Every structure is written in C-alpha cells, then in structure tokens.
Amino acid sequence: MPEGITPENLINNIMDTLSDKHQKHDSGSFFTEEKSHTVNEQFNKLFGRQKPIHHVLGGGKSADVLLWRNKKISASVLGAATAVWVLFEWLDYNFLPLVCFGLVVCIIGQFIWSHLLNRSPPRIILPDELFVNIATSVGAEVNRALAFLQNVGSRGDIKQLAVVVGSLLAAAIIGTWCNFWTVIYIGFVAAHTLPVVYEKYDGQIDSMVYSVLGKVQNNYSKLDASVLSRIPKAAGKKFA
C-alpha cells in the first residue's frame, strides 16, 4: 500500500465517491421528473392548445380587444354593447325606431355643421369589401353547420344524434328563459371576459376542466356500457 494512505482514508474515499454518485443520480432524476412534468403540462392544455391564447383568437386588433391589451378600447366596446342591451331590454326600444332616431340626429348634426358652422361635415363611407367579407364569413359558417347537421342525420349514429338533439333542446330551453338580445349580450360579455381570465389562470382552469371531463367521461362510459351499447345501430345507406 502506498505511503500516506491508511485503510481508514481508503474507506473514507470510497464512501465519498459513492455519495457523490448518489447525489448526481438524484439530481438527474429530479430534472427528469421536472421535464416530464413540463411536457405533461404542455399536453394538458385545454382542447390540445399549444399556442398562446392571443394566437388562438386570431391575433391582430380583435384579439387585443378581447384580451384587454388596450383597456380603454375594450372598456368602450363593452360599454357600448351594454348601452345597446339596456336600450333594447330595459327601456323597451325597438330596432327600427332606434335606427330612425339615430339617422335624425346624424342629419341634424350634418345640417348644423355645414350651415351654422360653415364647415364641410365628415362623410362616412363603408367599403364594399367589409360587407363582402362579412357575407362570406357568415355564409361559410352557416354551410359548415348545415353540413354537420345533415351528416348527423344521415350517418345513422344514434349516440351522436342523441347528443346533438339534446344540445339543441337545451339551447331551446335556455332561449325560453331570455330573449334574443339577452343571449347575444351574454355571449358578447363572455367573449370579453372569459379569454382574459383564462389567459391569466390557464393552469388552474386546465386542471379543473380536465378533472371534470374525466368524471364526465367515466360516467358516460358507464352509461354506454349499460344502456347505449345495447341500442342497435341503423344500417348505413349509400346515396348516389
């Protein structure tokens, strides 16, 4: 044995080496668990989302308004929608009288601006592309909804048919509780509040939603095994 090295020192060196290896192994497993946890969080985004909520909403100025990037503009839009809802819902205004009163105010303002103030009044001209884009977007969504409903009706899937019919009946029942303008206003307020809340608390919301979806899927599996699986499926029909 070399000089200066005693059996006690040799044993101590071996124990220190084993301790260092064990610490490195624990450190590596910690980072592996952390990486796995990060990957799980990435895949547990709501509806499989992997992009920021701003990009999901289409980006641009509309997403900025929905996410309150400019609080003055977002508050103005929401305030205008609230004013319109109050006029139609609480003050019992009708659409046609309101439009006529608005046009009267605009015409009188144009007259005062041009004759009493001797200034050329501003003219509002809406571009034709605006109406074309609105019509194209609305038509595409309507055709998509009609195609989906026709596929549900002709496919012969009893489960999917029951889900769609149940959803439509639920929407009809909700529609009997409140009128058209209230439904539109609730959707508008939800569009201006839910995205910004989800962007701020996305982790907590994702975990809660997936927990609820897990319970719903478990209950649906039990219902499917006991009731729905015993319902015979209609034979598929081929159309020319």
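## Nonpolar surface patch

A nonpolar patch on the surface is formed by Val-84, Phe-95, Val-99, Leu-103, Ile-107, Phe-180, Trp-181 and Ile-184, which together have about 790 Å² of accessible area. The model is predicted. Helices H5 (95-116) and H8 (180-200) each contribute at least two residues to the patch. H5 provides the largest share, with four residues.

Phe-180, one of the patch residues, lies in helix H8. Phe-180 counts as exposed because its relative accessibility is 58%, and the cut-off for exposed is over 50%.

## Salt bridges

Two salt bridges are present in the structure. In one, the side chains of Arg-69 and Glu-199 meet at 2.9 Å, N to O. This pair links distant parts of the chain, 130 residues apart: Arg-69 is in the loop between helix H3 (60-66) and H4, and Glu-199 is in helix H8. Arg-69 is partly exposed at 44% relative accessibility, and Glu-199 is partly exposed at 30%.

Another salt bridge joins the side chains of Arg-144 and Glu-141, at 3.8 Å, N to O. Arg-144 and Glu-141 are separated by about one helical turn, because they are three residues apart in helix H6 (residues 128-155). Arg-144 is exposed, with a relative accessible area of 56%, whereas Glu-141 is partly exposed at 46%.

Ser-74 is located in helix H4 (residues 71-90). With 0% relative accessibility, Ser-74 counts as buried. Leaving aside residues up to four places away in sequence, Ser-74 touches Asp-64, Val-65 and Trp-68.

Technical notes:
Residues are numbered from 1 along each chain as its sequence is written. This is a predicted model: local features need pLDDT of at least 70, side-chain atom pairs count only at pLDDT 80 or more; totals for chains, interfaces and linings use all residues. Side-chain values use heavy atoms; hydrogens and water are left out. Patches are made of residues with over 30% relative accessible area and no salt bridge: like charges are joined within 9 Å, nonpolar side chains (Val, Leu, Ile, Met, Phe, Trp, Tyr) within 5 Å. Accessible areas come from the Shrake-Rupley method with a 1.4 Å probe; for residues, only the protein chains shown count as cover. A salt bridge is a side-chain nitrogen of Lys or Arg within 4 Å of a carboxyl oxygen of Asp or Glu. Buried means under 20% relative accessible area, exposed over 50%, partly exposed in between (1.4 Å probe, protein chains only). Contact means heavy atoms within 4.5 Å.
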